[in-house]
Amino acid sequence: MSRKVGQPTARRVRGIVRQLERAYGLRQWRRGLNGLDGLIATILSQNTSGANSSRAFARLKRTFPTWQECLRAPVARVEAAIRCGGLAHLKARRIQALLRHVEQERGRLSLAFLGRWPVEQAREWLMRLDGVGPKTAACVLLFNFGRPAMPVDTHVHRVSRRVGLIDDRVTAEAAHAILQAACPDDCVYAFHVLLIAHGRQTCRARNPLCNSCVLARQCRWWRQRKRAS
């Protein structure tokens, strides 16, 4: 049975981060790709594996040394370059559409301006692009700009529900705003990557390792399982 929970607090979020840091080590942000490269790489990562999307991005960059060349190329060439990443027909069109939008609105193919905007304004701008939802926008802002934007992937969503940070009925999309509001800016990166590590290694979708979980004592889901057993 699902239970409704209250709004998560910054104190609780910090506590979870500290516990997971003891288990998995400190996590500090490292500069990644520039904003436009990061956005296109993130679009290529949608609905495919990390290995496939990395190969697709590398092939795209080899085929088109500049994004200007990618924008001017026939869409079939873009599609061929990224075919190994899956959904090439759709993603090629989205990539060219976003490049066209950036060039027409900003005058050049760069997203550097987003680093100077408030996070919410930058998020809203990104989400106006076709194929960019709250997770993609947050990933670009967090990983490529170092901004405190909270992406909620399947691991973050699952762990947050199980430990009672969000209600069972809260969707991953809705969880972005709830967790963003609760997480202090200086914890956003660590919270995101540590919950992913915890979700992959311990709080797995199937056969979670509850007996070795550092969050077990405060886990609503684990308490419910114990009572039902």
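Okay, quick definition to start: helices here are DSSP runs of H or I with at least four residues, strands are runs of E with at least two, and both are numbered from the N terminus. Keep in mind that this is a predicted model, where local features need pLDDT of at least 70, side-chain atom pairs count only at pLDDT 80 or more, and totals for chains, interfaces and linings use all residues. Residues are numbered from 1 along each chain as its sequence is written, and side-chain values use heavy atoms, with hydrogens and water left out.

Let's do salt bridges. I mean a side-chain nitrogen of Lys or Arg within 4 Å of a carboxyl oxygen of Asp or Glu. The structure has nine of them.

Start in helix 7, residues 119-127, which holds both E120 and R123. They sit three residues apart, about one turn of the helix, and they form a salt bridge with the closest N and O atoms 2.8 Å apart. For burial, I'm calling a residue buried under 20% relative accessible area, exposed over 50%, and partly exposed in between, with a 1.4 Å probe and protein chains only.

Next, R169 and D167, whose side chains meet in a salt bridge at 3.0 Å, N to O. Here R169 is exposed at 57%, and D167 is buried at 7%.

Now E103 and R72, with a salt bridge at 2.9 Å, N to O. E103 is in helix 6, residues 88-106, and R72 is in helix 4, residues 67-72, so this pair ties together parts that are 31 residues apart in sequence. R72 itself is exposed, at 54%.

There's also a network of salt bridges linking E79, R83 and R93.

On to the pockets. On a 1 Å grid over the protein atoms alone, a pocket is an open set of points where a 1.4 Å probe fits, with protein on both sides within 12 Å along at least five of seven lines; lining residues have an atom within 4 Å of a point. The largest pocket has a volume of about 690 Å³, that being the space filled by probe spheres set on the points, which are joined across faces, edges and corners.

How many residues line the largest pocket? There are 23, with T42, S45, S53, C139 and F143 nearest its centre. Helix 8 gives the most to that lining, five residues.
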